Amino acid sequence: SEIPVIICVARLEREKGLDVLIRSCSLVQEPINLCLIGDGSQRRLLEQQVKSLKLDHRVQFVGKKTQQEIQQLLSTAWMYVQPS
């Protein structure tokens, strides 16, 4: 079966709570993939967090996207999450 994809569209900034979302993904027992759409000053720190939690194969940073690209990605999502 297909692995569920969770999508979040956000500026990668501290107040958005993406560190909590990433940490939460490490606690989920079932395999999931997290797709983070957006960019910001916290990207490098969040990428380091992903690496330290050994989630490299589960969390994808795709950067900024156009509205059309975002809609296309959302159509593949199992769930949308907005942690802020």
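Analyst: A salt bridge here is a side-chain nitrogen of Lys or Arg within 4 Å of a carboxyl oxygen of Asp or Glu. The model is a predicted one, so local features need pLDDT of at least 70 and side-chain atom pairs pLDDT 80 or more, while totals for chains, interfaces and linings use all residues. Residues are numbered from 1 along each chain as its sequence is written, and side-chain values use heavy atoms, with hydrogens and water left out.

Searching the whole structure gives 3 salt bridges. In general, side chains of opposite charge can pair when their charged atoms come close.

Start with Arg11 and Glu15. Their side chains form a salt bridge at 3.4 Å, N to O. Arg11 is partly exposed, at 45% relative accessibility. Glu15 is exposed, at 52%. The classes are set by relative accessible area: buried is under 20%, exposed is over 50%, and partly exposed is in between (1.4 Å probe, protein chains only).

Now Arg43. Its side chain meets that of Asp39 in a salt bridge at 3.8 Å, N to O. Asp39 is partly exposed, at 33% relative accessibility. Arg43 also forms a salt bridge with Glu47, where the closest N and O atoms are 2.9 Å apart. Glu47 and Arg43 are about one helical turn apart, because 4 residues separate them in helix H2 (residues 43-52). Glu47 is partly exposed too, with a relative accessible area of 32%. Shared partners join Asp39, Arg43 and Glu47 into one network of salt bridges. As for the labels, helices (H or I, at least four residues) and strands (E, at least two) are DSSP runs, numbered from the N terminus.

Leaving out residues up to four places away in sequence, Phe61 touches Leu12, Ile22, Leu36, Arg43, Leu46, Glu47 and Val50. Two members of the salt-bridge network, Arg43 and Glu47, are therefore on that list. Phe61 also belongs to the largest nonpolar core, which has 17 residues. Leu18, Leu21, Ile22, Leu34, Leu36, Val59 and Phe61 touch the most other members of this core. Strand E1 (5-9), H1, strand E2 (33-37), H2 and E3 each supply at least two of its residues. H1 gives the largest share, 4 residues. A nonpolar core is a set of buried Ala, Val, Leu, Ile, Met, Phe, Trp, Tyr and Cys residues joined through side-chain atoms within 4.5 Å. Nonpolar side chains tend to be buried together in soluble globular proteins.

Gln42 lies in the loop between E2 and H2. Gln42 is buried, at 16% relative accessibility. Gln42 touches Leu12, Glu13 and Arg14, not counting residues up to four places away in sequence. After H2 comes Lys54, in the loop between H2 and E3. The phi of Lys54 is near 60 degrees, a positive value in a residue other than glycine. Lys54 is exposed, at 62%.

Finally, the sheet. It is open, with 4 parallel strands in the order E3-E2-E1-E4. E3 and strand E4 (79-80) are the edge strands, each pairing on one side only. Two strands pair if DSSP finds at least two bridges between them. E1 and E2 pair in the parallel sense over 5 bridges. Cys8 has Leu36 in E2 as its bridge partner. H1 packs on the sheet and touches E1, E2 and E3, its direction making about 165 degrees with that of E2. Axes are lines fitted to C-alpha atoms, for helices over the stretch in contact, and angles run from 0 to 180 degrees between N-to-C directions. E2 is largely enclosed by the rest of the structure, because 4 of its 5 residues are buried.

Definitions and conventions: Contact means heavy atoms within 4.5 Å.
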